[in-house]
Each structure stands twice: as structure tokens, then as C-alpha cells.
Amino acid sequence: MLSKPTTPQIILDCRRELLETIDPVVSDPTVKIAIQMLENVLRNCAERSAHEIAWMREESDSMVAFARDVKSTVGSSPEIDVAIASYEKGDNVTLHLDAVSDSYSRAGECLSVALERAFATGHTELHLRGREILALRLAHEDAIKGDWAFVGRG
Amino acid sequence: MIDPNVMPGKLAAFLSEHEGQRATITAYEPMSGGYSRLMAKASVSWADGRSEHLVLRGDPPPGRAMMETDRATEWALLSALGRAESISMPQARYFDATGDELGTKCIVLDFVEGRSLQSHINECEPGEYGRHTFDLVDTMAKVHSIDPDDVGNAIARPNDWSTYLSGLIDRFRQADRAHAESNPFLRYVAEWLDANKPAPLPLRVVHSDFQPANIMVTADGSHQVIDWELTHIGDPREDIGYYAVYSAASGPSLIMNDPVAFLARYREKTGFGEDTVNLATLGFFSSLAAISVYAQILAGAAAMSNGHNSGIMTTYTLNALTVGHANFMGGCVAPTI
């Protein structure tokens with residue numbers, strides 16, 4: 001396959017074409033707003049395509065490790081056992097996007113049930129560690145989002 | 001509904017049928033700014049010599065809506081609020097309940113001459129927000145002063161605050177279950193909110209999308225509240241929290257500049273006490289209140305993921321979910337060791 005230019009470069013060039021070639025000749029205000037939204041979505045996609053597999057894998061490792069730590073620290077719950085088993089049973093190796101996304105979702109369920117267990121047991125340290133993983137997830141989402149506000153309202 | 005070549009004829013026939021006199025559409029144009037529904041403005045001349053402007057508010061084509069709400073429910077609510085003269089708002093005049101006449105289920109309302117409060121504050125320097133802030137608070141207080149009996153059976157009436165709030169919190173878990181992937185933010189926030197419930201308030205009408213783009217300012221400076229599609233009976237602090245969240249993402253924010261003064265004015269206008277309306281409840285409801293809109297956007301994302309939805313509005317508003325996550329976490333204060 002051709003890997004250069006990279007996917008983000010191609011997407012950002014589409015964005016440039018949209019803004020420099022198409023937008024100036026559009027006068028319909030509803031289409032203008034759609035173009036502003038497309039511009040934003042293209043920026044999101046460029047950033048996401050550059051990192052999403054690496055970020056999902058990084059977060060998945062943290063989420064599943066956290067669930068195992070909760071299990072060993074305060075004891076398991078049926079939900080934790082099911083979530084970890086489901087994660088381990090699935091494909092966590094393949095790097096095709098659909099497989100990584102599915103694995104990420106299973107890992108997310110591990111984090112969810114582990115956080116619920118941390119709450120139920122009132123374990124503050126585990127609670128704070130769980131929040132750190134959520135903070136990492138949010139940091140990645142924020143990087144994808146970039147500058148954003150509701151366009152066209154008002 | 002947005003085709004200006006077809007709609008004048010359809011609308012003229014629809015209005016003539018409902019009014020019993022001939023209506024002529026002299027202008028018809030789609031309106032921008034509405035996110036969830038299609039909007040258009042029509043200029044109408046009646047056979048009796050009157051002329052007026054009307055707004056059409058209809059459903060997008062199937063699979064193109066960023067959120068699904070029910071026009072019949074909205075029509076019933078708008079009609080009830082209008083009959084009771086509960087609050088200043090554009091009168092809902094006509095309803096195509098089937099979409100057979102206007103091409104989609106559609107409510108026809110009076111057009112409000114004026115601009116949105118959002119457009120007014122966009123033009124202000126930060127030092128000039130004061131009057132708009134108090135006006136916004138006063139309008140919010142008016143919404144929350146509506147007698148819930150005014151809306152009759154148009155929207156569901158929860159039995160009691162405690163059951164209602166628990167149900168609202170559980171919507172985070174429901175949203176997670178219904179989505180196309182696991183979302184640990186939702187499950188965490190649900191646990192946190194369950195563990196940190198505030199003192200109760202009487203259940204009131206909650207607008208649910210209370211923000212300056214949904215407030216029209218008329219020539220005399222008075223407010224008319226629009227876009228009631230998510231309105232429900234609930235905890236009035238939901239609107240305060242929602243506005244805080246919304247304005248953080250799409251400012252300028254009239255609350256975060258001085259939340260203490262904002263809440264003091266709100267208490268003064270509603271009669272609620274400081275034990276129930278304070279910075280802590282602002283944080284709680286900032287996490288909680290956005291769930292109605294958030295869940296709708298997330299459902300749109302799930303529908304797209306499953307191949308049942310498409311459109312720029314769905315992909316564009318994915319970013320609002322990230323804003324929601326940031327606000328959920330911001331309102332859920334971390335424990336200390």
C-alpha cells in the first residue's frame with residue numbers, strides 16, 4: 001500500500017480544498033454551516049486516524065490491568081469475572097481497526113465494573129486510580145476534538 | 001420541508017384548509033441554527049388582508065436526525081403551555097401530525113421578530129454581560145415557576161423527587177447499555193451521582209435545552225423561550241447545570257463568570273433556599289443535567305455505528321460527547337485520601 005502521504009495528511013488536504021475552493025463559492029447559509037461542520041469533522045478524523053489504534057491499545061492495557069488490581073485488592077464480583085473473561089476470550093491481538101475497537105469496548109467494560117466495585121467497597125486509592133484512566137481517555141478524546149463549539153447557533 | 005420549490009404550494013394548501021380561507025405564501029426559506037429539527041420561515045398573506053410570518057419546525061428524513069423526539073408530544077406541550085399562558089413563547093398554531101400535508105411531521109408556530117439572546121451576548125464585551133445575565137436568570141426562574149399542572153398530561157409526571165432523581169441517574173447506565181461500545185464515563189458518573197445526591201426541590205417544568213440560542217429577545221427586550229422538544233417535569237436545577245455545561249462549550253458563559261451572583265439571583269426569583277441551590281448543587285447538576293441531550297446524541301452515534309443513521313449533524317456532534325465527558329468528570333469531585 002501507499003503509506004505516504006499519511007491518512008491525516010490526505011484528510012487535512014481535503015479539508016484545505018473544502019475551505020479554499022468550495023466554501024468561497026457557496027452562499028447558502030445552511031450549506032455554509034455544513035461546511036464549517038465538515039471542516040471540524042475532517043480535523044477530528046485526521047487526528048483520530050493518526051493515533052486511534054495506539055491509543056485504544058494503551059488504554060485497554062490500563063483498563064484491564066486496573067480490573068485485575070481491583071479484583072486482587074478488594075475481591076472480585078461476578079461482573080468483574082465476566083468482564084475479564086469476555087475480554088480474554090476475544091481477539092486482542094489483531095490490529096485491524098474493527099478488532100481493536102471491539103477489544104477496546106470489552107476492556108472498557110472491565111474498567112466500568114471495576115469502578116463500580118471500587119465505589120461499592122469505598123476504596124479511595126482504587127477510586128483515584130480509576131479516575132486517572134478516565135483522565136487518559138478524556139485526554140485522547142480532547143486531542144481528537146481540538147477547538148470546537150456549536151457552529152451556526154444564535 | 002426545506003425545498004422552497006415545493007413547500008409554498010403545500011403550505012398554502014395546508015393553511016387554507018385549517019383556516020378556512022385562502023393563504024398565499026409570498027416567501028419561503030430554510031432557517032439555519034436548529035440542530036435537531038428542520039426549520040423554515042414562511043411569509044403568508046391571507047384572503048382577509050392580513051399578512052404574517054410563520055415558522056415551520058419538522059422532523060428530518062428518517063435516518064438523518066441527530067436525535068429522535070416526538071412532534072406529537074411537543075405539540076401537546078406547546079398547546080398546553082399556550083392555553084395556560086404559562087410563559088412568553090411563540091404560539092403553536094398548526095400541526096401536521098402525519099406528515100401527509102407538509103412532507104414531514106411538522107409544527108407551525110408564530111415567528112418571533114427579534115434576535116436570539118445568544119446573538120446579543122456574542123456582540124457584548126465581557127463587562128457588558130450583567131443585564132443579560134439577570135435577564136437570563138429571570139427567564140429561567142419563570143420557566144421553573146410554571147405550574148406543572150399547566151402542562152396537563154402532555155408530558156409524564158414523576159411520582160416523587162427521589163424516584164425521579166434515581167431514574168435520571170440510571171439513564172447514564174441505560175445510555176451505556178444502549179450504546180455500540182462500553183463507555184466507562186457513564187458508569188462512573190452514575191455511581192458518583194448516586195453517592196452524592198443533594199437535598200430535594202419540588203418537581204417543576206424543566207426546559208432541558210435552556211441556553212441563549214433558545215431565547216428570542218423582542219424589540220422591547222422581553223424574552224420568548226423556544227425549542228421545548230426535550231421539556232419534562234423534573235428537578236429545576238437540571239436547567240442550571242445544563243446551562244453551565246452548555247455555555248462552557250459554547251460561550252460566552254453568563255454563569256461561570258460569577259456563579260455565586262447567578263445562583264443568588266436565581267434563589268431570589270424562585271424562592272428556593274441556599275441549602276438547595278449552591279455551588280455544590282451546581283456541580284452535581286452540571287454532571288447530571290446534560291444526560292438528556294447527551295443520551296440523544298449518543299443514540300445517534302450508536303445508530304450511525306449500526307448503519308441506521310447518517311449525516312453531518314451526527315458526526316459533528318460527536319464532539320459534544322467529549323464535552324459531556326469533561327463536564328461529567330468536572331462535576332464529580334474526586335475523593336481525598
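Me: Before we look at the sheet, when do two strands count as paired here?
Reply: Two strands pair if DSSP finds at least two bridges between them. This is a predicted model, and in it four bridges join E4(B) to strand E5 (residues 106-110) of chain B, the two running antiparallel.

Me: Which residue stands opposite B:Ala92?
Reply: That is B:Leu109, which belongs to E5(B).

Me: And the whole sheet, what's the strand order?
Reply: It is an open sheet of five strands in chain B, in the order E1-E2-E3-E5-E4, with antiparallel pairing. The edges are formed by strand E1 (23-30) and strand E4 (92-96) of chain B, each of which pairs on one side only, and from one strand to the next the twist averages 25°.

Me: Which helix of chain B packs on it, and which strands does that helix touch?
Reply: Helix H1 (residues 7-19) of chain B packs on the sheet and touches E1, strand E2 (38-46), strand E3 (51-58), E4 and E5 of chain B, with its direction at about 135° to that of E1(B). Helix H2 (residues 71-84) of chain B lies across E3, E4 and E5 of chain B, and runs at about 155° to E4(B).

Me: Switching to B:Thr139, buried or exposed?
Reply: B:Thr139, which has its place in helix H4 (residues 130-144) of chain B, counts as buried because its relative accessible area is 6%, and buried means under 20%. Leaving aside neighbours within four places in sequence, B:Thr139 is in contact with B:Ile87, B:Phe210, B:Ile215, B:His223 and B:Val225.

Me: Where does B:Asp150 lie, and what is it in contact with beyond its sequence neighbours?
Reply: B:Asp150 lies in the loop between H4 and helix H5 (161-178) of chain B, and is partly exposed, with a relative accessible area of 25%. Apart from neighbours within four places in sequence, B:Asp150 is in contact with B:Ala80, B:Ala84 and B:Ser86. The C-alpha atoms of B:Asp150 and B:Leu77 are separated by 9.2 Å, although the two residues are 73 residues apart along the chain.

Me: Last topic, the largest pocket: what volume, and which residues lie nearest its centre?
Reply: The largest pocket has a volume of about 1,100 Å³ and is lined by 37 residues, of which A:Arg48, A:Glu52, B:His179, B:Glu181 and B:Leu318 lie nearest its centre.

Me: Which helix gives the largest share of that lining, and what classes are the residues?
Reply: The largest share, eight residues, comes from H2(A). By class, the lining of the largest pocket has 15 nonpolar, 13 polar and nine charged residues.

Methods
Residues numbered from 1 in each chain as written. Chains lettered and ligands numbered in written order. Predicted model: local features only at pLDDT ≥ 70, side-chain atom pairs only at ≥ 80, totals over all residues. Heavy atoms only, no water. 1 Å grid on protein atoms, 1.4 Å probe; cavity = no way out; pocket = protein on both sides within 12 Å on 5 of 7 lines; lining within 4 Å. Points joined across faces, edges and corners; volume = space filled by probe spheres on them. Nonpolar A, V, L, I, M, F, W, Y, C, P; charged D, E, K, R; others polar. Axes fitted to C-alpha atoms, helices over the stretch in contact; angles between N-to-C directions. Contact = heavy atoms within 4.5 Å. Buried < 20%, exposed > 50% of the residue type's maximum accessible area, 1.4 Å probe, protein only.
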